[in-house]
Amino acid sequence: QVQLVESGGGLVQAGGSLRLSCSASGSIFSINAMGWYRQNPEKQRELVAVMTSGGSTTYADSVKGRFTISRDNAKNTVYLQMNSLKPEDTAVYYCNADCTVAAPVKYEARFWGQGTQVTVSS
């Protein structure tokens with residue numbers, strides 16, 4: 001199995017910045033894509049940003065130009081730098097990883113972190 005641990009959420013004023021981190025551990029053969037989703041009580045969970053192992057990125061239109069995703073493959077860690085935060089960015093942010101699990105046999109699966117709250121005040 002694979003565990004994802006997130007950190008970096010909190011309360012920030014509009015216009016401020018936060019940096020989220022997510023580290024993966026466990027029986028990892030490889031991580032194919034890592035990314036961030038978010039969910040608030042009024043919406044379904046939505047993609048924020050994702051990065052493949054090759055470095056390709058995809059962003060939600062609502063965060064383009066404000067958020068930057070990055071990865072440290074050696075540390076199995078993904079980051080989300082969030083700048084110019086808006087109240088509508090308030091949500092629980094979930095880390096996600098598409099992995100090839102190493103043992104007992106190789107298989108591919110998607111794993112989720114426990115979520116970290118981001119609250120942006122106006």
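Buried denotes under 20% relative accessible area, exposed over 50%, and partly exposed the range in between (1.4 Å probe, protein chains only). The model is predicted, so local features need pLDDT of at least 70, side-chain atom pairs count only at pLDDT 80 or more, and totals for chains, interfaces and linings use all residues. Residues are numbered from 1 along each chain as its sequence is written, and side-chain values use heavy atoms, with hydrogens and water left out.

View 1. Ser21 is buried, at a relative accessible area of 18%. Beyond residues up to four places away in sequence, Ser21 touches Val5, Glu6, Ser7, Trp36, Val78 and Tyr79; contact means heavy atoms within 4.5 Å.

**View 2. The open sheet of 4 strands, ordered β1-β3-β8-β7.** Strands are DSSP runs (E, at least two residues), numbered from the N terminus, and two of them pair if DSSP finds at least two bridges between them. Pairing in this sheet is antiparallel. The edge strands, β1 (2-7) and β7 (67-72), each pair on one side only. Strands β1 and β3 (residues 18-26) are joined by 6 bridges, and Val5 has Ser23 in β3 as its bridge partner.

**View 3. The largest nonpolar core, with 30 residues.** Such a core is a set of buried Ala, Val, Leu, Ile, Met, Phe, Trp, Tyr and Cys residues joined through side-chain atoms within 4.5 Å. Trp36, Leu80, Met82 and Tyr93 have the most contacts inside this core. Its largest share, 6 residues, comes from β9.

**View 4. Contacts of Tyr93.** Leaving aside neighbours within four places in sequence, the residues in contact with Tyr93 include Glu6, Leu20, Trp36, Leu80, Met82 and Val118.
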